[in-house]
Amino acid sequence: MNCGQTMKMTAKTLRISAQALLLFGNHNAKQVAHYGRPTLGKSPPARHYYKTAKPAQDSSVSVRTVDLRSDTVTKPGPAMRQAMAIAEVGDDVFGEDPTVKDLQQRAADICGMEAALFVPSGTMSNLIAVMVHCRERGDEMIVGDLSHLHVYEQGGSAQLAGVHSTMVTNLPDGTFDLGQLESKIRHGYPDPHYPRSRLVCVENTHNIMGAVCCPSLSSRSCGL
């Protein structure tokens, strides 16, 4: 590499760093950009997470605003509070809470499953699902680079379950390119240098992509 190329790469590296600082300095939006290694003559593509700033309201117009940023910004109304106050309860450790049992059975029936489990958060449910399928530390899951598992869950699958993750690029409809997905599957196990590919995580509906409903991905077409 000659001096001109070295200086060009250095300038590009500094420019990327400035862009990243501008993005991280914007406290009104949750934005992160993924920048790859500096490449000569090409700017690496930026992939942005969605903005979470509260939607603006026009004070001159009387309208009802429905805030759909997240289920966590909703508040229970009087009827919901009343239902919670009079709900029949029991000991959850012994499985004697009738309200939770009814909820779990209803969820299982709707989803066509044998059983369901109520947990306090979606992050906890995702972690449980990962640990069910990736039973050994060092197992690998394949996730979208803009998936909730990868972006927002504090690396819990690695911290608590010891699960390694590899990423594929999320397409605008929330799915993946099946060719890229297949290339990530570790066919060489039990080569001791590789983790074992155990799980492909498909987010549906897709959070960052605007809650789009993803078309189904056939496991057979993925080579699994």
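Residues are numbered from 1 along each chain as its sequence is written, and side-chain values use heavy atoms, with hydrogens and water left out. Because the model is predicted, local features need pLDDT of at least 70 and side-chain atom pairs count only at pLDDT 80 or more, whereas totals for chains, interfaces and linings use all residues.

The largest nonpolar core has 10 residues: Leu127, Val130, Cys134, Met141, Val143, Leu149, Ala161, Val163, Leu199 and Cys201. Such a core is a set of buried Ala, Val, Leu, Ile, Met, Phe, Trp, Tyr and Cys residues joined through side-chain atoms within 4.5 Å; buried means under 20% relative accessible area, exposed over 50%, and partly exposed in between (1.4 Å probe, protein chains only). At least two residues of this core come from each of helix 4 (122-133) and strand 1 (140-144). Helices (H or I, at least four residues) and strands (E, at least two) are DSSP runs, numbered from the N terminus. A second, separate core of 5 residues includes Ile142, Val168, Phe176 and Leu181. Cys134 in the largest core is in contact (heavy atoms within 4.5 Å) with Asp139, Glu140, Met141, Val163, Arg198 and Leu199, when neighbours within four places in sequence are left aside.

The count of salt bridges comes to 3, a salt bridge being a side-chain nitrogen of Lys or Arg within 4 Å of a carboxyl oxygen of Asp or Glu. Asp139, Arg196 and Arg198 are linked in a network of these bridges. In the pair of Arg196 and Asp139, the closest N and O atoms are 4.0 Å apart. This pair links distant parts of the chain, with Arg196 in the loop between helix 7 (178-184) and strand 3 (197-200) and Asp139 in the loop between helix 4 and strand 1, 57 residues apart. In the pair of Arg198 and Asp139, the corresponding separation is 3.2 Å. Arg198 lies in strand 3 and Asp139 in the loop between helix 4 and strand 1, so this bridge ties together parts that are 59 residues apart in sequence. Asp139 is buried at 3% relative accessible area, while Arg196 is partly exposed at 23% and Arg198 is partly exposed at 36%.

Arg186 forms a salt bridge with Glu140, the closest N and O atoms being 3.0 Å apart. Here Arg186, in the loop between helix 7 and strand 3, is joined to Glu140 in strand 1, 46 residues apart. Glu140 is buried, with a relative accessibility of 0%, and Arg186 is partly exposed, with 28%.

Asp97, in the loop between helix 2 (78-86) and helix 3, is buried yet has no salt bridge. The nearest side chain of opposite charge, Lys101, is 8.9 Å away; Lys and Arg count as positive and Asp and Glu as negative, and His and the chain ends are not counted. The side chain of Asp97 reaches the backbone nitrogen of Thr99 at 3.1 Å. Beyond residues up to four places away in sequence, Asp97 touches Glu88, Val89, Gly90 and Asp91.

Val119 lies in the loop between helix 3 (98-111) and helix 4 and counts as buried because its relative accessibility is 16%. With residues up to four places away in sequence not counted, Val119 touches Met124, Ser125 and Ile128. The C-alpha atoms of Val119 and Val100 are separated by 10.0 Å, the two residues being 19 apart along the chain.

Note on methods: A polar contact is a pair of N or O atoms within 3.5 Å; within protein, one must be able to donate a hydrogen and the other to accept it, and residues adjacent in sequence count only if both atoms are side-chain atoms.
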